[in-house]
Amino acid sequence: MAARKDERIVISPLGEYYDDVLTVDAWINNRSKANQANNLLCSKLQEREKKIEERIAYLATKRGITPTELWWQILRGEAQRIDPTDIAKPVEQEETV
């Protein structure tokens, strides 16, 4: 049987104050610090999800691709930063009469 990949992420130290706040928040919610930190991160990402999607749409438009394609490029580790010479020319929208 193959070993499971460790899916944990490593974050920078919180600093004394926020580490104390997390400790107290975890205790209040009867969770470990790791579980409470996971819960807080997921909650914050849910709050920001719409804004993240808007930013992906903007960046995809600059590249001349769909937001879905940019999303998958990022997840596959293929997305690249671009410079001004790489910005896609806007597609002219046809006028409907």
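View 1. Gln-73 sits in helix H3, where helices (H or I, at least four residues) and strands (E, at least two) are DSSP runs numbered from the N terminus. This is a predicted model, in which local features need pLDDT of at least 70, side-chain atom pairs count only at pLDDT 80 or more, and totals for chains, interfaces and linings use all residues. Residues are numbered from 1 along each chain as its sequence is written, and side-chain values use heavy atoms, with hydrogens and water left out. Is Gln-73 buried or exposed? Gln-73 is buried, because its relative accessible area is 18%; buried means under 20% relative accessible area, exposed over 50%, and partly exposed in between (1.4 Å probe, protein chains only). Leaving aside residues up to four places away in sequence, Gln-73 touches Ile-65, Glu-78 and Ala-79, a contact being heavy atoms within 4.5 Å.

View 2. After H2 comes Gly-64, with a positive phi near 75 degrees.

**View 3. Thr-23 in helix H1.** Here the focus moves to Thr-23, which belongs to helix H1. Thr-23 counts as partly exposed because its relative accessible area is 35%. A polar atom of the Thr-23 side chain lies 2.8 Å from the backbone oxygen of Asp-19. For orientation, Ala-34 is 11 residues from Thr-23 in sequence, and their C-alpha atoms are 9.6 Å apart in space.

**View 4. The chain behind the close-ups.** Stepping back, the protein chain has 3 helices and 0 strands, giving the pattern α-α-α along the sequence. How much of the protein chain is made up of buried residues? They account for 7% of its 97 residues. Of the contacts between residues at least 6 apart in sequence, 17% join residues at least 24 apart. The protein chain exposes about 9500 Å², with carbon and sulfur atoms supplying 54% of it; accessible areas come from the Shrake-Rupley method with a 1.4 Å probe, and for residues only the protein chains shown count as cover.

Conventions: A polar contact is a pair of N or O atoms within 3.5 Å; within protein, one must be able to donate a hydrogen and the other to accept it, and residues adjacent in sequence count only if both atoms are side-chain atoms.
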